[in-house]
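Q: Could you take me through a few features of a model, one at a time, and show me how each is read?

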Amino acid sequence: VLTGAVLLGALVLRVTGEREGDPGPVRLPAREVAFRLPGNGAGWLELPWTHDVHSGAPATVQLETSPPLDSLLHPPALARVGCDEARCVHEFIARTGVAATPLRVRIDRPGRYEFRVSHASDLRHVQEHFVVVAAH
């Protein structure tokens with residue numbers, strides 16, 4: 001379903017191991033994001049990830065996408081953690097707060113695209129789910 005989408009910028013983050021007394025990640029409800037494709041057929045969408053919960057501290061991000069979306073262009077330190085038939089997971093360190101690393105996704109055809117983002121710092125661990133509906 002993610003054919004035609006290319007990720008430029010950042011996000012899905014997951015913590016390995018839980019801190020003592022930590023209630024676990026905050027799971028935000030799925031958010032739908034509408035995107036109107038420009039006249040030339042392709043455009044960039046910045047996903048509204050909630051980086052401000054980290055108060056400017058760096059966050060480890062894991063971005064989960066469908067396998068066709070495995071060509072990630074930014075940031076350079078991005079590493080693919082794993083890929084199977086159903087999904088690919090990429091991991092990186094992101095800036096948060098005012099200088100937050102944007103999550104930009106290139107979409108070049110109408111459709112429904114899903115992105116799961118997990119981001120964790122020493123302060124918080126948040127899991128987000130974005131459903132992007134692209135149309136002309």
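Q: In this predicted model, which residue does R112 form a salt bridge with, and how far apart are the closest N and O atoms?

A: A salt bridge pairs a side-chain nitrogen of Lys or Arg with a carboxyl oxygen of Asp or Glu, the two lying within 4 Å. Here R112 forms such a bridge with E114, and the closest N and O atoms are 2.5 Å apart.

Q: Which other residue does E114 form a salt bridge with?

A: E114 also forms a salt bridge with R116, where the closest N and O atoms are 4.0 Å apart, a value to be read against the cut-off of 4 Å. Taken together, R112, E114 and R116 are linked in a network of salt bridges.

Q: How many salt bridges does the structure hold, and which residue does R109 pair with?

A: The structure holds five salt bridges. One of them joins R109 to D108, with the closest N and O atoms 3.8 Å apart; R109 is partly exposed, its relative accessible area being 41%, and D108 is likewise partly exposed, at 31%.

Q: How many disulfides are there, and which cysteines form a disulfide?

A: In general, a disulfide is a covalent bond that joins the sulfur atoms of two cysteines. The count here comes to one disulfide, formed by C83 and C88, whose sulfur atoms are 1.6 Å apart.

Q: Is C88 buried or exposed, and what is the relative accessibility of C83?

A: C88 is buried, with a relative accessible area of 0%, whereas C83, at 39% relative accessibility, counts as partly exposed.

Q: Where does A57 lie, and which residues does A57 touch, not counting residues up to four places away in sequence?

A: A57 lies in the loop between β4 (43-47) and β5 (59-65), and, with residues up to four places away in sequence left out of the count, A57 touches T96 and S121. The C-alpha atoms of A57 and R95 are separated by 7.0 Å, although these two residues are 38 residues apart along the chain. At 23% relative accessibility, A57 counts as partly exposed.

Technical notes: Residues are numbered from 1 along each chain as its sequence is written. This is a predicted model: local features need pLDDT of at least 70, side-chain atom pairs count only at pLDDT 80 or more; totals for chains, interfaces and linings use all residues. Side-chain values use heavy atoms; hydrogens and water are left out. Buried means under 20% relative accessible area, exposed over 50%, partly exposed in between (1.4 Å probe, protein chains only). Helices (H or I, at least four residues) and strands (E, at least two) are DSSP runs, numbered from the N terminus. Contact means heavy atoms within 4.5 Å. A disulfide is a pair of cysteine sulfur atoms within 2.5 Å.
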